[in-house]
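Reader: I've got a model open on my screen and I'd like to work through its sheet with you. Can we take it strand by strand?

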Amino acid sequence: MTDQPMTDQPTADRPVRVMVVDDHPMWRDAVSRDLAEAGLDVVATAGDGEEAVRRARACTPQVVVLDLNLPSLSGAEVCRQVVAHDPAVRVLVLSASGEHQDVLEAVKSGATGYLVKSAGREELLDAVRRTAVGDAVFTPGLAGLVLGEFRRLASEPAPASAPAAPQLTARETEVLRLVAKGLSYRQIADRLVLSHRTVQNHVQNTLGKLQLHNRVELVRYAIEQGLDDEI
């Protein structure tokens with residue numbers, strides 16, 4: 001189970017598979033063109049929520065670049081349905097809204113990143129590539145909002161029947177602690193003098209042991225365990 005994400009890692013011969021969802025044709029076409037010109041594989045586009053869910057299930061993209069304001073189904077509901085169907089899919093929200101409520105709803109729906117549409121072309125391309133390898137990418141200022149919300153949720157009483165935590169290795173715990181502090185995989189690799197791929201392997205193994213689906217869930221788990229407070 002934990003080996004599966006590694007087979008989906010983008011390589012020079014296998015570019016990142018991306019789907020673009022936006023109800024504005026000119027914006028959707030422009031984003032798709034920028035991604036394709038940068039060497040990413042745009043496998044599908046969609047202009048409304050129901051169409052997005054259908055095409056995501058048919059095309060199995062690695063990353064869905066998703067607007068929140070969509071006809072028929074909201075972006076948050078699209079995110080919920082797409083991630084529920086295939087937890088390996090990573091969703092990067094690209095929205096005109098920077099409202100805190102919209103950001104938190106998107107993350108709680110399963111989005112692994114959030115950019116506002118004022119982001120530049122290079123910022124978007126970098127965000128898509130980082131999202132594909134598991135980084136949580138947010139417009140500056142929004143990452144702190146998400147971590148703060150997770151800390152608030154972690155302070156709530158845990159269910160009485162919560163299962164015992166699986167045993168992680170010392171290195172997995174160390175990587176998890178840095179993930180909880182909001183460091184990117186590259187930053188963790190530099191801090192621990194490891195390769196980027198080794199950090200990814202530790203994260204994927206940890207996700208498998210904890211039966212979690214993505215980095216956002218992993219951050220919340222780490223905060224609930226108090227790992228973000230450790231030195």
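Reader: In what sense do E1 and strand E3 pair?
Author: Bear in mind that this is a predicted model. E3 covers residues 63–66, and four bridges link E3 to E1. One spot to look at is Val18, which stands opposite Val63 in E3. The sense of the E1 and E3 pairing is parallel.

Reader: And on the E2 side, which residue is the bridge partner of Val21?
Author: E1 and strand E2, residues 41–46, also pair in the parallel sense, over five bridges. Val21 has its bridge partner in E2, and that partner is Ala46.

Reader: How many residues of strand E1 are buried?
Author: Strand E1 spans residues 17–21 and is mostly covered. Buried here means under 20% relative accessible area. Of the five residues in E1, the buried ones number four.

Reader: Which strands stand at the edges of the sheet?
Author: The sheet is open, with five strands in the order E2-E1-E3-E4-E5 and parallel pairing. An edge strand here has a single partner strand, so one of its sides is left without a neighbour in the sheet. The strands in that position are E2 and E5 (113–116).

Reader: At about what angle does helix H4 run to E3?
Author: H4, residues 75–85, lies across E3 and strand E4 (90–95). Its angle to E3 is about 170 degrees.

Terms used: Residues numbered from 1 in each chain as written. Predicted model: local features only at pLDDT ≥ 70, side-chain atom pairs only at ≥ 80, totals over all residues. Heavy atoms only, no water. Buried < 20%, exposed > 50% of the residue type's maximum accessible area, 1.4 Å probe, protein only. Helix = DSSP H or I, 4+ residues; strand = E, 2+ residues; numbered from the N terminus. Pairing = 2+ DSSP bridges. Contact = heavy atoms within 4.5 Å. Axes fitted to C-alpha atoms, helices over the stretch in contact; angles between N-to-C directions.
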